[in-house]
Amino acid sequence: MDSKCAQLLPSVCTVLADSRQPVSDDTCLEKLLDWFKTLTSSGSSLLLLEENPCLTELILAVLRQEEPNPTVLSFVLRLTGLLAASESGFRHLQQGEAVGMAFGEAGPLVSASWEDTSVRSGWVQGAHDMLRHPSAFQFLCDSGALDTIFTLQGDRSLFVASAANRLLGCMLRFSVQSEPSRPLGAGDCEWPECARRIVSHLEESLRSRSASRANHSLKVLATVFEQNQEAWTGVLWSRVAGTIQSLLEEELARVGHSLVDLFLSLARSPVFSCHESSLWQQVAHALKGLHPIQAGLLALGLLKLEECPQAVKTQGLCILLQSVACVARTSSPSSELSGLLDQPPADGASVESLLSSRSSCITLLCQSLAHLEEIQHLAHLPVDFPHNPLLHATVTVLQVCAGLAVPASSLGAKISGILIGCSRVQRAALHLLGALSRRANHDMSLEEIFDILLVYLRSPDASPTVLKTAFQATLKWCLSFSETSGSTNGFPWYKQFLRDLMPLLQKRLCSPRWEVRDSTLEFLTLATKHLKGRDGFWQALSSSEVVALAEGLLDDPESYVRASTVRALGQFSLIASAGSEAPVLDHNGSSNKDRIAARLLEILSSDSEGFPRRAVVGVFIDWLREGHPAVRHDPEHFVSQAIQAVKGDLDWEVKVSGLELAGAFAAQCFHRFGVPECPYADAASSASEPARLPELLQAFSRVRLFDFLFGALGDCDRLVALKACEILTGMRRKIGTGCSLNKGQRLEPQGNAVLGDTWKMVVPWASGLPGGDCSETVPQDPKHALLILEAADLEELERALGRSSDHLEKSPWSLLQDILSTGGAVEENEADCY
């Protein structure tokens, strides 16, 4: 703790200990606790207590009050637990009776303050923080804390009850580890006393008919098995396994999620990695007995585990496939679903019943589709996965949702009535359809996939979110088809798909809903980028009016759409200029590139919204790096125009992107003029300089690069100044110091008037102090620029700018001042600021 904080801390403790003083808000006290946590984690809590006796005095004063403020009392309980987390700090506080007064039988437990939720929460959290050593554990056992924890498990506050469950699990671990030489067995007499009481309490709660009590015990067990992987947890499981089995057979629906958490915690533990363990039999039983939605959560977790037995994984996959297969079989010939749950599951009737109800049908189907999508992203699928049947089933679900499927039974008719037009299921099925493209093969019926995608892209009733998902799935399948097939030759249906796609894009670009126009432009941007040079795509695009319509959206009334249009046209122009087979935007040929560049510069200079301007700078960065003809012809002129437009922008993100453009230009110039990294060592002579260094600096001057960078160095937005500082630091590293262009010269604060003005602007920012006038112009003489670059302490400035702008307000000293100000202890803060 620094001296300034140490001077304020006694006054702060006095304010908090005085029940008549106004209390700081909970946020200040929470930040104060965080500060103490930092101090105790990096140093000794005993030393902290000895150097600051006011802390012990504060704890005792508040605990002795008859009617303490609940907020302060909760803070003191947590502070006591934090300081008593070390053995030495615990003994120090115990000698002063602080521990007993806080967590003993005569503490807040018997006072009226206990009725306040914050006090009970502070007690549980403080006890949990303190429980880091055997002395604290023994104290809690001797003081009767175990009964209090049992009671708090049923607290009306879910936060308190959850904290009590975690504390009880921690108590069980400490009890077992307190007698490491004792062999544990199934009998009560073989367990330490505290552990015996806890386990008996858990078993009793599990056997009770109360779902609430059973839930709390299951959560404690899940915590224990998750956080402890020693051999004794296997003995614990052998004790409670029978009770858990009984709980499963009773079908307590309200404990299903807690059972899922428990089984997943057990399955992740290496103690139960043996496939012959009885645990896996119970897991298999749980997959059968749990509600299908809860069983789906368990199945997904098991499929992600490498150590899970194959038979259990197969059972879990069947759980996830049930609802999708059931919907598909009601509307599709069974021959096309061969391999997808050929044997009906034992609980198929339960799934059919859920699918007959609107709410449960949508919930179950969306969950199953989402889980099946998630496992597609695993590096290796855990079991033999029925890709083709599932793909057909997914297409069938989408057909049902679009009203295109013919029900084959009364159940199918009921399901169709529920699913037609259901956007939730449509989105989930489209997400899964897109994910299945990762493992595409030639045996799949690709034509029906692209047909259903066209259905959703055409649908006038599709919501903007469904349409966006359909575009995403379309792009994934186009990429997958191109990678697996190579050429469209022999696939006339795919060429027809691309020809059919273009009118749909044109239609969507004219949609009255801005979200639809935006999603269409996003698809066009990504398709242009990733399908460049792919056979058939450019031909279809060149024969359509898509790009011409997109260009008209540069004047769209919605700024998001204008930004997406900028990105789409920028990407298209970049790709179009790279290949001779690529289409041009209009019949003017190459002059169109300049026209688009001029149009984007106009947007950068005049658009009233920040999103399009940010998009323009992003496009210019890509053009510069990729060598767009509009840039390659005269990069200096192009970059100069761009950064001059950015220079006066009020949007900090535009300015940061403009600095990235300047940095990319500088990097290209360094490469073009052959300036290596750090060419000047202390012993270097002028003969070692690159011969083209003067040309490099002249190029920077023509672009007014230093003017832009030094001006940004004094920007009022910290992130802008930081970015400029990083670029200038990198430039100085490449150019080096002591350049012979400035041999015998030094930049001093006095002297030449112009240089003096420059010094006044740059040096204050380089030293991390406020000051400078960004409107001043840095001289374009390369010698002057190098002198400034050499004189400025950029490293110190970068460190200063790296701190958040409110670091002073967030400092511990400022926090203590705030608490004192609230309590009225600082005289200068007592005046009414109004």
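How close do the axes of helix α20 and α23 come, and at roughly what angle do they cross? Let's start there and then look around the rest of this predicted model.

## Two helices side by side

The axes of helix α20 (residues 358-376) and α23 come within 9 Å and cross at roughly 20 degrees. Here axes are lines fitted to C-alpha atoms, for helices over the stretch in contact, and angles run from 0 to 180 degrees between N-to-C directions. α20 and α23 therefore count as roughly parallel to each other (angles under 35 degrees are roughly parallel, over 145 roughly antiparallel, 65 to 115 roughly perpendicular, and the rest oblique). Helices are DSSP runs of H or I with at least four residues, strands are runs of E with at least two, and both are numbered from the N terminus.

The crossing of α20 and α23 is left-handed, meaning that the near helix is turned anticlockwise from the far one by less than a right angle; clockwise would be right-handed. Which residues meet here? On the α20 side they include I362, L365, L369 and Q376, and on the α23 side they include V425, A428, L432 and L436. A contact is a pair of heavy atoms within 4.5 Å.

H377 sits in the loop between α20 and α21 (387-401). Leaving aside residues up to four places away in sequence, H377 touches A435 and R438. Along the chain H377 and L436 are 59 residues apart, yet their C-alpha atoms are separated by 9.3 Å.

## Salt bridges

The structure holds 22 salt bridges, each with a side-chain nitrogen of Lys or Arg within 4 Å of a carboxyl oxygen of Asp or Glu. One of them joins R517 and D556, with the closest N and O atoms 2.9 Å apart. R517 lies in helix α27 (residues 514-530) and D556 in the loop between α29 (546-552) and α30 (559-576), so this pair ties together parts that are 39 residues apart in sequence. R517 counts as buried at 8% relative accessibility, and D556 counts as buried at 6%.

Another salt bridge brings together the side chains of R268 and E226 (3.4 Å, N to O). R268 belongs to helix α15 (residues 256-268) and E226 to helix α13 (residues 211-227), so the pair ties together parts 42 residues apart in sequence. R268 is partly exposed at 43% relative accessibility, and E226 is partly exposed at 38%. There is also a network of salt bridges, which links D555, R599 and E602.

## How confident is the model?

The protein chain averages a pLDDT of 83, and 82% of the residues score at least 70; pLDDT is the predictor's confidence in each residue, from 0 to 100. Among the elements, helix α23 (residues 423-436) has the highest mean pLDDT (96), while helix α39 (residues 753-766) has the lowest (42). Over residues 747-759 pLDDT stays under 50, and the model has 15 contacts there beyond four places in sequence. Residues 825-834 also stay under 50, with seven such contacts.

## Reading the numbers

Residues are numbered from 1 along each chain as its sequence is written, and side-chain values use heavy atoms, with hydrogens and water left out. Because this is a predicted model, local features need pLDDT of at least 70 and side-chain atom pairs count only at pLDDT 80 or more, while totals for chains, interfaces and linings use all residues.

Technical notes:
Buried < 20%, exposed > 50% of the residue type's maximum accessible area, 1.4 Å probe, protein only.
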